[in-house]
Amino acid sequence: MSQVIGAPRTPGVPPAGAGGTPAPWPGLRLRVPVLIASGVVGALAFPATNWSLLAWVWLVPALACSVERRPRAALAGGWLAGTVFFLVLLRWLDHTFRHWSAIPWPLTWLPIAALAAYCGLYLGLACGGVSWLSRRLGPGVALSTFPALWVSGEWVRGWLMEGFPWGLLAYSQHGVLPVIQIAEIAGAWGVSFVIAAVNAALAALAALGFRRAAPGLLAAAALAGATLGFGWHGLRAPSHEAPGIEVGLIQPAVDQSLKWNPARHGEILALYERLTREAGRARPDLILWPETAATFFLRRDAPLLSRLTRLASELDTAVLVGSIDQREVQATRPGPARLEFLNSAFLLSGQGITGKYDKIQLVPFGEYVPLSRLIGFVRSWAEFISEMGAGDTAAVLEIRGGRFGTVICYEVIFPGLFRRFVVGGADFMANITNDAWFGETSGPWQHLSALPLRAVEHRVAIARAANTGVSAFVEPTGRISAMLPLSARGVLAQRVSLRTRQTLYTRFGDWFAHGCLALSAAAAAWACLRRSRRPDAE
């Protein structure tokens, strides 16, 4: 076989057709549409379509191109696929901007595109890393490191600049219970790793041919088989749950345009009270109200507090009420203290307020503005942008029969924060939220998809109350056992099991993600050493 002298070729990768390697992937004109299509396919694996099988293949085109392209081109291709993926996944944000901001359509897509480009960059960096490693260690080894690179990127995205771990690869499998059971060992990161490993093995098959891809295919098949085997065994194993307690929740389905209207407060409060009494017929130990159900300062409103205290006493139950609170913050310079708003959850009984939790993980551009001294002007763009203070204590609240932790709104997508409540002694978990900002889009369903992973990570039951939906009960296996769909007004009541054991993830947290970071760093160091011994590596 002849080869053009001086033609650039990646060291360690045979020319097209050599050693059983198929010809490279199509040229630029076809490659770009394929990468765009792969991003769309990846988003379809998530709610509301939930075509979960697509998650196991959507990364293949970007990875197959990475082993044949130089790092910069591989980064660009992965970035394109990742940006399209998040642009489709986060399309529900357009509803929020169109209805609750001053930004005219189609300019509403500009902040969405900026967020998608940032999140998509992590796939680009992973593909660029595969290309870079492929030139030094060979494509087979490079592709085998991709699962670790992917998990490292997901972890960093969930930590950097307060974090945004939305759309983790693991969430695409929220309804495939046998797959997600390994989360009790390695967290959601372990599920993402398995999916990424299968994608990498299929990419090796496409780019390198069966003979060279066979070891990776066998390893990925063994990993997937072990994951399913562990999951099926765990789901069939007899449970050793504590007796549990009865929990009720209300979903008032109050439109966001009415929720903050002072003229409607009395009507809305009467609705909440009626639904609470309806939920109280099951004689629950706890009733959950949604996030900011009381849109005024509960602790400073004596008539309202007295009214809710009497309600809790009549029903002989505790009521968790989402409300706004205030606290004084001392100024850094001499001067009077200023008041700071808090997004809080108050636990009420017949004795009044018996516990309180202040939201710790605030929503950027929702509850605070990052770099506010530079871009604070964006507050005037949208109704949903406020300036809240953050809590600092993962408070575990006590009721008759058990203890529970509360995560407010999108705090549930942060594995580390959720774990703090379980480590602090929570027997079960509550999630209160208001997803009315997102309308009847895929946003609330994507939000819900994080709960099964949190439940399995700690083998803990979760009760979720949402203003307009989706309210649900999630079992320790990750199974959603009861649900109120979007915009449905009603109540749910169910016996919630109490946590009986400590999982590996509860005990050691993100050990698996940290191991992936270490493995990625070790692969980079090895590649650097190989490069120094091979001056012709470029």
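This is a predicted model: local features need pLDDT of at least 70, side-chain atom pairs count only at pLDDT 80 or more; totals for chains, interfaces and linings use all residues.
**Strand 5**

Strand 5 spans residues 338-349 and is mostly covered, with nine of its twelve residues buried. Strand 4, which covers residues 318-329, pairs with strand 5 in the antiparallel sense. Within this pairing, Gly 322 has Ala 345 of strand 5 as its bridge partner. Strand 7 runs parallel to strand 5, and here Leu 342 is bridged to Gly 389 of strand 7. Strand 6, formed by residues 352-358, is an antiparallel partner of strand 5. A hairpin of two residues connects strand 5 to strand 6, and Ser 349 stands opposite Gly 352 of strand 6.

**Strand 11**

Strand 11 comprises residues 462-466, and five of its five residues are buried. In a regular strand, side chains alternate between the two faces of the sheet. In strand 11, Ile 462, Arg 464 and Ala 466 point one way, whereas Ala 463 and Ala 465 point the other way. Strand 10 has Met 429 as the bridge partner of Ile 462 in strand 11. On the side of strand 12, Arg 464 is bridged to Ala 472. The hairpin of strand 11 and strand 12 has four residues between the strands, and its Gly 469 takes a positive phi near 115 degrees.

**Pairings**

| Strand pair | Sense | Bridges |
|---|---|---|
| Strand 4 and strand 5 | antiparallel | eleven bridges |
| Strand 5 and strand 6 | antiparallel | six bridges |
| Strand 5 and strand 7 | parallel | two bridges |
| Strand 10 and strand 11 | parallel | five bridges |
| Strand 11 and strand 12 | antiparallel | three bridges |

Terms used:
Residues are numbered from 1 along each chain as its sequence is written. Side-chain values use heavy atoms; hydrogens and water are left out. Buried means under 20% relative accessible area, exposed over 50%, partly exposed in between (1.4 Å probe, protein chains only). Two strands pair if DSSP finds at least two bridges between them.
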